[in-house]
Amino acid sequence: SPSRSSVIVIGAGVSGISTAKVLAEKGIEDLLILEASDRIGGRIRKESFGGVSVELGAGWIAGVGGKESNPVWELAAKSGIRTCFSDYSNARYNIYDHSSGKIFPSGIAADSYKKAVESAIKQLRIQEANLCSRDLSNVSEPPSAPETPIELAIDFILHDFEMAEVEPISTYVDFGEREFLVADERGYEHLLYKMAEEFLFTSGGKILDSRLKLNKLARRVVLGSHDKDTFIVIGSQSSDLMKCTILGQVVRELQHSRNGVTVITEDGSVYEADYVVLSVSIGVLQSDLISFYPPLPRWKTEAIHQCDVMVYTKIFLKFPYKFWPCGPGKEFFIYAHERRGYYTFWQHMENAYPGSNILVVTLTNGESKRVEAQPDGETLKEAMEVLRNMFGPNIPDATDILVPRWYNNRFQRGSYSNYPIITNDQNFHDIKAPVGRIFFTGEHTSERFSGYVHGGYLAGISTSKALLQDMEKDKERKSESQAFL
Ligand code: FAD
């Protein structure tokens with residue numbers, strides 16, 4: 001008969017690990033963590049590239065230096081992770097005109113920026129009024145849509161990076177406006193290992209606790225398509241199809257009742273638990289990876305499907321030498337093109353890793369999906385053309401490229417939840433609410449900090465507390481009915 005645990009936590013990203021840690025510390029010894037991939041960390045993930053560790057997922061500790069201390073900043077300090085201060089705000093003074101390769105004069109950039117902020121504020125007020133069915137007569141004229149390459153570039157930066165300029169964002173209000181880039185060979189994920197170490201058995205830098213079940217992925221590049229096994233794209237390297245020998249831990253089915261939850265994995269293994277905490281991303285919840293019996297109620301599925309998923313892709317390019325300006329105020333630069341979001345936002349990695357000769361360009365949503373679907377060689381060609389428009393024809397070719405594929409990863413299906421700034425509280429409440437004995441956690445369940453590592457971390461703490469309360473009530477109910485008998 002299948003083994004039975006008090007709690008099964010599905011997913012070993014930051015929220016799953018923080019949930020399990022609280023539960024273990026509160027005396028829930030017989031818990032199990034099932035993780036579909038072969039590692040902990042989820043969307044916190046480093047990879048070796050060009051001689052250094054680069055972060056394919058979360059890179060920054062956002063919200064530092066304010067009235068309250070960001071718990072992830074505290075964890076970083078405790079684990080001794082190396083970080084460096086990032087200042088996006090200079091990017092607006094390094095906007096390259098795609099047709100001339102020249103930087104726009106600061107006056108023009110500042111004016112365009114001001115206009116874009118005003119327009120975004122107007123847009124927000126209209127949304128707010130629509131949501132509350134309020135009178136719109138005080139909005140004199142509709143906001144103007146961005147048209148020129150510089151306007152399009154600023155609009156992109158504002159909406160996908162700097163919304164704090166338009167509306168207060170809880171992360172910056174609570175924890176401060178500074179952001180630090182993790183630049184440590186052990187990766188951002190080291191912070192998670194340190195957390196896991198406090199409640200799971202580890203030795204020699206490895207977690208050896210049988211309560212954490214990772215998938216043992218047999219990673220090898222498939223050369224042909226004649227193999228009969230299941231193929232899934234999990235890698236971040238070019239268009240390689242990685243072959244995955246399915247060994248379990250990929251949860252495919254949850255059967256739940258008043259008495260408990262049965263968890264069935266891809267290889268047919270069955271686990272029983274009193275409770276399940278589901279920490280998979282909102283993108284996975286929207287996909288058909290996990291089936292529920294009985295199905296989730298309509299209020300739940302509707303809330304899940306109403307939440308937007310942002311795709312955010314950092315493409316890394318390695319060069320034989322650097323040809324871009326360095327020094328104060330030059331870390332970030334912008335490419336203004338006729339197509340919105342086309343290789344717009346650039347960063348050099350000289351502050352993080354001096355001499356690494358690496359550039360990072362960030363794409364989002366439609367552009368992310370487009371490059372995920374094409375061979376990396378094509379993406380490299382596009383990026384080089386953009387760089388030559390900015391820095392001239394004589395720059396060297398990149399010697400390597402790394403294109404993460406968060407959208408096509410069936411254990412992620414996107415980068416993070418994206419609630420509108422003016423959001424419907426009920427929708428948010430429904431995403432978070434448990435269904436019987438299935439509890440939900442993850443960054444998308446953090447009311448104030450969704451989308452961030454600290455959101456995932458704090459969501460894990462909050463879900464585990466709610467679960468412990470429910471367990472307590474359950475115990476009381478059982479002892480009352482026994483007394484009655
Ligand atoms: P996850 O990390 O996704 O954990 C869920 C786990 O569940 C995963 O390990 C997954 O493999 C597993 N899983 C999925 N399906 C199954 C299944 N069926 N069975 C078993 N296991 C399953 N945040 C910041 O604070 N700063 C940043 O700079 C930042 N940048 C980002 C950049 C990118 C490109 C991305 C992708 C994210 C970024 N984030 C950033 C967001 C941050 O990474 C996330 O908010 C956070 O890591 C989410 O943690 P989580 O535990 O909620 O989810």
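The protein chain is divided into domain 1 (4–45 + 189–218 + 240–307 + 417–484) and domain 2 (48–186 + 312–402), with bounds that come from an automatic or database domain assignment. This is a predicted model, in which local features need pLDDT of at least 70 and side-chain atom pairs count only at pLDDT 80 or more, whereas totals for chains, interfaces and linings use all residues. Residues are numbered from 1 along each chain as its sequence is written.

**The two domains**

- The C-alpha centres of domain 1 and domain 2 lie 31 Å apart, and the contact between these domains takes 16 residues from domain 1 and 24 residues from domain 2, where two residues are in contact if their C-beta atoms, placed from the backbone, lie within 7 Å.
- On the side of domain 1 that touches domain 2, the elements giving two or more residues are α6 (190–197) and α12; helices (H or I, at least four residues) and strands (E, at least two) are DSSP runs, numbered from the N terminus.
- The residues on this side of domain 1 divide into 10 nonpolar, two polar and four charged, with Ala, Val, Leu, Ile, Met, Phe, Trp, Tyr, Cys and Pro counted as nonpolar, Asp, Glu, Lys and Arg as charged, and the others, Gly among them, as polar.

**The ligand**

- The ligand is surrounded by 42 residues, of which the closest are Gly-11, Gly-13, Ser-15, Gly-42 and Gly-456; a residue is near a molecule if its C-beta atom, placed from the backbone, lies within 6 Å of it.
- Two or more residues of this shell come from each of α1 (14–25), β5 (60–64), β20 (312–318) and α12 (453–484).
- By class, the shell around the ligand has 21 nonpolar, 17 polar and four charged residues.
- Because domain 1 and domain 2 both give residues to the shell around the ligand, the ligand lies between them.

**The chain as a whole**

- The protein chain has 12 helices and 26 strands, and its radius of gyration, taken over C-alpha atoms, is 24 Å, close to the 23 Å that the globule rule (2.2 Å times the number of residues to the power 0.38) gives for 485 residues, so the chain is as compact as a globular protein of that length.
- Of the 485 residues, 41% count as buried, that is, 20 or more other C-beta atoms, placed from the backbone, lie within 10 Å of the residue's own.

**Helix α6**

- The buried residues of α6 are His-190, Leu-191, Leu-192, Met-195 and Ala-196, and what covers them includes α1, α2 (71–79) and β10 (206–207).

Key:
A residue is buried if 20 or more other C-beta atoms lie within 10 Å of its own, exposed if 12 or fewer, and partly exposed in between; C-beta atoms are placed from the backbone.
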